[in-house]
Amino acid sequence: MDVKRFNDFNNKQVANLPHHLRKYIVDQGYEKYTPVDHAVWRYVMRQNYSYLKDVAYYPYIPGLKMAGLTIEKIPSLQEINDALAAIGWGAVTVDGFIPPAAFMEYQAYRVLVIAADIRQLEHIEYTSAPDIIHESAGHAPIISDVKYNQYLSYLGSIGTKALFSSMDYALYESIRQLSILKETPHVENKKLAEAEALVLYNQQNLGEPSEMALLSRLQWWTVEYGLIGNLDQPKIYGAGLLSSIGESSSCMKPSVKKIVYTIDAINYSYDITKPQPQLFVTPTFQNLIDVLQQFETNMAFRVGGLESILKAIECKNICTASFSSGLQVSGVFSQVHTDKFNKVKYIQTSGGTSLSLNDIQMLGHGMEYHKDGFGSPLGLLKDNRKYLEDFSEHDLREQNILLDHPVELAFENGITVKGELKSVLRENGKIILMGFQNCTVTDHDGKIFFDPGWGNYDMGVGHEVISVFNGVADKNNMLDQLYVSSERTQQQHYSQKDRTYHTLFHKIRDIREKNIGVERLEEIWESLQLHFKEDWLATLEILELIDGDENFLPLATSIRKSLKDKKIHQPKYTKLIEDGLKIIDAKLKFQ
């Protein structure tokens, strides 16, 4: 996104987004929503209110209002931002699924990610693709709960550090492709089957799940499909359930197993294309935070050491290793060598690598300078109880480690660094980097880690790796690796017949909102009967406006008969019609 044209909606949280996240943001394009789209929103929201007012965790209508939403129409992004600003959150629109790492980072900045598209009429009950109904009507209304929004931002903050495997992106991309196809009109069944098979294959071949995969499971079983309360009568708070008029009802059936939410939820994978066979019930939102704290204690950015470096190597993407001295090495980690005690003695990156301190790239140590990778020993020097990073000037002289002199550093683990010392860089009282010319780095068995012919050697200083996390240390000064899919979501192309259908919905809405011209509804109904025999939604909207009016009793009777016939001859619409009629007959007030 062009930074000069970046629209922050006068929302502080959106304005604070770093540049590397802004590339996912797309214009909502409010004018692209058709009258049918608004009718889809209205139908789903009315159904949600009808059912969720009794089973949702929060008061549904007040929650909607606090998020800038109404039953009647698709919300604008400005309306949502104006409302969310009051609770310290913001919102942006994106194009479909974005990578989990990016999604998490938005949450860390307290910004809600909303898909700009809306589900098609034929997928009105449920769509596996992210859409504005799911994101805004599902996520936004509950953000006003303090403990819950604390959980969301906490989840986001550790999610930005979670390591992912090389297979995670393959799964993400296949899920994104499937979601796009599912919202594509007249898609070939063969293409859809192939896409579903690829998702299944990637799910079954993830190998050992990465930190991001496990964290995504926790997010799925809480943010998307969570229940709260007791096992016998839980309430819904998960957005995936709140935005699905089908699954929000079916999830309460005894056939869907209810399990108390604990850290064990990480052992349950999920399939976005199917209803969930089990759901997790948390007693409180504080419990979500407690479970997340348990998970965090075992993450690589908290643990460090060999296990974390091995996870970084599996990622095959840029990660950052923090040395005990404070030095941060950001690159694609390719090798790790250990001593006889299985402790890290040498790490190696391949390709562009940068060195940072306190998340700020060190001058002259960017990816262009270290374009061929970076390697460094770790550990304690022989016959020393003091770590090299803690050596004073006196310590260096005493060990004969002098500038512009030949130096030999022999580590306990068998690594030897020999060369002419040209620089010693200190920060915060610690040595973090030493530069050598004519340098050789070898192991006790003769293995060569660095050869003088390769140029000057910059040796990172630190006795151990204390933290490993996803991505680069300095995100403001380096190209980030967050992936943007080249495949865009399906944009609708409407025929003249489609546009005529849209016009009929617009006329109905105009009559409803202005409360004039009700007599025109019979003409609209006749047009629907003549040209749009598949219609059921506009028909319900007409019935809603005339039901109970003695002046339109014959028309209402005809409409009810046609809907009854449609249920018989087109059973795929049966539940949708019946649910719509229930609301009309109940004279439900939406307030």
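**Rings, strands and a buried aspartate**

Start at tyrosine 151: its relative accessible area is 0%, so this residue is buried. Buried means under 20% relative accessible area, exposed over 50% and partly exposed in between, with a 1.4 Å probe and protein chains only. The model is predicted, so local features need pLDDT of at least 70 and side-chain atom pairs need pLDDT 80 or more, while totals for chains, interfaces and linings use all residues. Residues are numbered from 1 along each chain as its sequence is written, and side-chain values use heavy atoms, leaving out hydrogens and water.

Tyrosine 148 is buried too, at 1% relative accessibility. Now look at the rings. The whole structure holds 19 aromatic pairs. One of them joins tyrosine 148 to tyrosine 151; the pair is tilted, with 6.5 Å from centre to centre and 45° between the planes. (Rings of Phe, Tyr and Trp, the last by its six-membered ring, pair if their centres lie within 6.5 Å; planes under 30 degrees apart are stacked, over 60 edge-to-face, the rest tilted.) Why are these two tyrosines separated by about one helical turn? They are three residues apart in helix H8, residues 146-159. (Helices are DSSP runs of H or I with at least four residues, strands are runs of E with at least two, and both are numbered from the N terminus.)

Next comes an edge-to-face pair. Tyrosine 261 and phenylalanine 280 lie 6.3 Å apart, centre to centre, with 80° between their planes. This pair links distant parts of the chain, 19 residues apart: tyrosine 261 is in the loop between S5 and strand S6 (278-282), and phenylalanine 280 is in strand S6. Tyrosine 261 has a relative accessible area of 2%, so it is buried. Phenylalanine 280 also counts as buried, at 2%. Both rings belong to one aromatic cluster, together with Trp220, Trp221, Tyr225, Tyr268 and Tyr270.

Strand S6 leads us to a sheet. Four strands make up this open sheet, in the order S4-S3-S6-S5, with mixed pairing. Strand S4 (235-236) and strand S5 (257-260) are the edges, each pairing on one side only. (Two strands pair if DSSP finds at least two bridges between them.) S3, residues 227-228, pairs with S4 in the antiparallel sense over two bridges. There, leucine 227 faces isoleucine 236 of S4.

The charged end of arginine 22 sits over phenylalanine 6, 4.0 Å from the ring centre. Lysine 447 does likewise with phenylalanine 449, at 5.6 Å. (The rule: NZ of Lys or CZ of Arg is within 6 Å of the ring centre and within 35 degrees of the ring normal.)

Now find aspartate 339, in the loop between strand S8 (327-338) and strand S9 (344-357). Aspartate 339 is buried but has no salt bridge; lysine 343, the nearest side chain of opposite charge, is 6.6 Å away. (A salt bridge puts a side-chain nitrogen of Lys or Arg within 4 Å of a carboxyl oxygen of Asp or Glu.) What does the aspartate 339 side chain reach at 2.9 Å? The backbone nitrogen of lysine 343. The backbone nitrogen of phenylalanine 341 lies 2.8 Å from a polar atom of the aspartate 339 side chain.

Finish with the backbone. Arginine 110 has a positive phi, near 60°, though it is not glycine. Arginine 110 lies in the loop between helix H6 (100-108) and strand S2 (111-115). Its relative accessible area is 22%, so arginine 110 is partly exposed.

Technical notes:
Lys, Arg positive; Asp, Glu negative; His and termini not counted. Polar contact = N/O pair within 3.5 Å; in protein donor to acceptor, adjacent residues only side chain to side chain.
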